[in-house]
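Hi,

Here is the structure I promised to send over. Have a look at it first, and my notes follow below.

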Amino acid sequence: MPRNKKKPVIIFIHGFRGSHFGLLDVASRLEDKYEILAPDIPGSGDAPELNNKTLDGYTEWLHNYIKEHKLKKPYIVGHSMGSMIVSHFVEKYPDDVAHKVVLMSPVFRSKSSQRRSNFLYKAARGGLLVLSKKQQYKFFASRPLTYVISHLFTYDKKQQKRIDELHYEYSGHFASRDSFIGDMRLSMQNQTIIPTEKETLLCFGKHDQLTPYKYTEKIAQETGAIAERIDDGGHLINYETPQLAADIIRNFLES
């Protein structure tokens, strides 16, 4: 999107297997009052690879991105794995961004669910290693895998066909096999945190399949974060309810 330096800036950070296109339905509804920046995270979409595929590596990438673009206290929004990246980045570099942070479809896990996720990562990685590198790369971007994930994370089945096609078009594009596996490890072995020095909005679907909504509300209550639940959404509220998500973000930033 073109730069408009007269407006406050919002940076949108997408999640695992995604690209910046997946957040534009939400972001475009805010560009009347905000300058929108939505980069592809390293190794996804058209972005070059990141050697250090860890939260520390992504934190430094985002710190340098803000520095290189000479941004002064931008607002920042992260979705899914992007909420992990954003929350850890803000905790390390609170002075880089504005006093309000938005975490869409954040991923919180209890100790038992984190153990299950770690096990699933190891099983998935072991299964991938059976395939050749070429077969693995084709699998990451395949229509069957995309549709399985899309069906799992979509609540509103009336929108399923549209979301399937959007998800297929805008996800699964990686610089390499190692980039895919690195992001899979990061997304399954880590989780979102609540930044200690910021006013934080948790915007999430009631039917989010990664984190039970009651657990997200419990985290919000314990930390003082603001919880905004979308009753007709799952994990992919960026596709299912973009207008409502944008309205919630706008109200939070302007309150």
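Helix α4 gives the largest share of the lining of the largest pocket, six residues (helices are DSSP runs of H or I, at least four residues, numbered from the N terminus). Before you read on: this is a predicted model, where local features need pLDDT of at least 70, side-chain atom pairs count only at pLDDT 80 or more, and totals for chains, interfaces and linings use all residues. Residues are numbered from 1 along each chain as its sequence is written, and side-chain values use heavy atoms, with hydrogens and water left out.

Back to the pocket. A pocket here is an open set of points on a 1 Å grid over the protein atoms alone, where a 1.4 Å probe fits, with protein on both sides within 12 Å along at least five of seven lines; lining residues have an atom within 4 Å of a point. This one is lined by 43 residues, and F16, I149, F153, M188 and L210 lie nearest its centre. By class, the lining has 24 nonpolar, 16 polar and three charged residues (Ala, Val, Leu, Ile, Met, Phe, Trp, Tyr, Cys and Pro are nonpolar, Asp, Glu, Lys and Arg charged, the others, Gly among them, polar).

Now the helix pair. α2 (residues 55-68) and α3 (residues 81-92) pack at about 70 degrees, axes 9 Å apart (axes are lines fitted to C-alpha atoms over the stretch in contact, and angles run from 0 to 180 degrees between N-to-C directions). That makes them roughly perpendicular, a label for 65 to 115 degrees. Their contact residues (heavy atoms within 4.5 Å) include L55 and Y58 of α2 and M81 and M84 of α3. They divide into eight nonpolar, three polar and two charged.

Cheers

Key. Helix = DSSP H or I, 4+ residues; strand = E, 2+ residues; numbered from the N terminus. Parallel < 35°, antiparallel > 145°, perpendicular 65-115°, else oblique.
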